[in-house]
Amino acid sequence: MAKITPFKAVLPTADKVALVTTRSYDEYSATELASWLDFNPFSFLHIVNPAYVNQQKIGNNERFKMVANKYNDFKRNGILVKQEKPAMFLYKIESKKQTFVGIMAGTSVSDYNENKIKKHENTLEYRVNTLKDYFKITQFNTEPVLMMYPEDATLDQWIQNKQNQTPLYDFSTTNRERHTLWIIDSEDEINFITKTFESFENLYIADGHHRSASAQLLHQENSDESNSNLNHFMSFLISENNIKINEFNRLIHDLNNHTTADFLALISEEFEVTKREEQIWKPTQKFEFGMYLDGNFYSLKLKKIPNSSNKLETLDAQLLYDKLLNPILGIGDLRTDSRINYIPGNKNLLEMIEKIDNGEYKVGFNLFPASIEEIKFLADNNLTMPPKSTYIEPKFRSGLIIYEL
């Protein structure tokens, strides 16, 4: 039984919502960031990067206090306003390629503790602690955990009908996305949604494992306090059939002292290696990989398909590591090895080609995306994917909906 709840959100005023909300900070180059901060005084980037010029010269806690101060400035100036009534929200993100629709609500820390909220990724302790300190000092979060629920026809129909109502916000962004938000604050609507989610045995984290683990740690450290907001963390709840799973492509700096000929001979022991004539080539099925080397694409097809019911052992990202990256290229820890880098699968493969052609990297690998079934199997069996196995969409606008702690 999954427990979700409405919350008193902090929202931008309707006339400034398109100016306030931003892409994730990590998506901006230094030049873009400087331009937005100079051009747009209402950008949420001013909050999350209040000392961006001197950011390397101050400690985390000092920076987090500056974030909190800037956030409160935005509230005092009426740019951000706390709602008087608890609510959930229906949120729709439209791009040229995909439309995502889901429900923004509070999800339960106790469900997380009891493993009713399933995980498929390991977390790094230092990142969890840093995020926990960030939440504790700033007292807000604007990045929801992306969470999947099982397909439900009745809920799908309700979501479809809700979109016929007048939205709270409807705006477009410079990256050609359209964002539409409907408020859910009537007792009947909230009761319907909460009862529907109570019928789901489990929810599955698609993206946001560190944010949810940080919320758990913050709750644990403050369990004697009466702040009920710490009992939940903000999540975007989306049907598992509306998730977009992309791969993470791998870039390697060198061939681990192998010549090209020796390298191709070594990988031929485990893979059928075929030089492709196409200018750009991507794998079309599981157990097949793409490789770009010396200006050419190759298909790598696993010769021996593993006979195992354990989906971790048959996960393409794991197989590439076990059969090639580790034994032949000498890649160690996928999180920390400086010889490997990653490009999300939603990026054009030309980016990978350019980085290899200009000599920045020697070889690149593109993978076939993992499936929902693989993610759920791993989560149900307390198994975790290798780092950078999936790049999952949708991604959200910072500053659109804020959950205060």
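A salt bridge here is a side-chain nitrogen of Lys or Arg within 4 Å of a carboxyl oxygen of Asp or Glu. The views below come from a predicted model, where local features need pLDDT of at least 70, side-chain atom pairs count only at pLDDT 80 or more, and totals for chains, interfaces and linings use all residues. Residues are numbered from 1 along each chain as its sequence is written, and side-chain values use heavy atoms, with hydrogens and water left out.

**View A. Asp 111 and Lys 3 meet in a salt bridge.** The closest N and O atoms of Asp 111 and Lys 3 sit 2.5 Å apart. This pair ties together distant parts of the chain: Asp 111 belongs to helix H5 (residues 109-113), Lys 3 to the segment before strand E1 (4-5), and 108 residues separate them. Helices (H or I, at least four residues) and strands (E, at least two) are DSSP runs, numbered from the N terminus. Is Asp 111 buried or exposed? Asp 111 counts as buried, because its relative accessibility is 1%, while Lys 3, at 29%, counts as partly exposed. (Buried means under 20% relative accessible area, exposed over 50%, partly exposed in between, with a 1.4 Å probe and protein chains only.)

View B. Glu 114 pairs with Lys 116, their closest N and O atoms being 3.3 Å apart. Glu 114 is partly exposed at 48% relative accessible area, and so is Lys 116 at 25%. In the other pair, Arg 276 and Glu 278 bring their closest N and O atoms to 3.7 Å. Arg 276 has 26% relative accessibility and counts as partly exposed; Glu 278, with 37%, is also partly exposed.

**View C. Glu 177 is buried with no salt bridge.** Look for Glu 177 in the loop between strand E9 (169-172) and strand E10 (178-184). Which side chain of opposite charge is nearest to Glu 177? That's Arg 397, 5.3 Å away. (Lys and Arg count as positive and Asp and Glu as negative; His and the chain ends are not counted.) The Glu 177 side chain does have a polar contact of 3.0 Å with the side chain of His 179. (A polar contact is a pair of N or O atoms within 3.5 Å; within protein, one must be able to donate a hydrogen and the other to accept it, and residues adjacent in sequence count only if both atoms are side-chain atoms.) Leaving out neighbours within four places in sequence, Glu 177 is in contact (heavy atoms within 4.5 Å) with Ile 93, Glu 94, Ser 95, Phe 171 and Ser 172.

**View D. Strand E8 (residues 145-149) is largely enclosed by the rest of the structure.** Five of its five residues are buried. One side carries Val 145, Met 147 and Tyr 149, the other Leu 146 and Met 148. Strand E8 pairs with strand E12 (residues 232-239) in the parallel sense over five bridges, with Leu 146 opposite Phe 236. Strand E11 (residues 203-207) runs antiparallel to E8 and is joined to it by three bridges; here Met 148 stands opposite Tyr 204. (Two strands pair if DSSP finds at least two bridges between them.)
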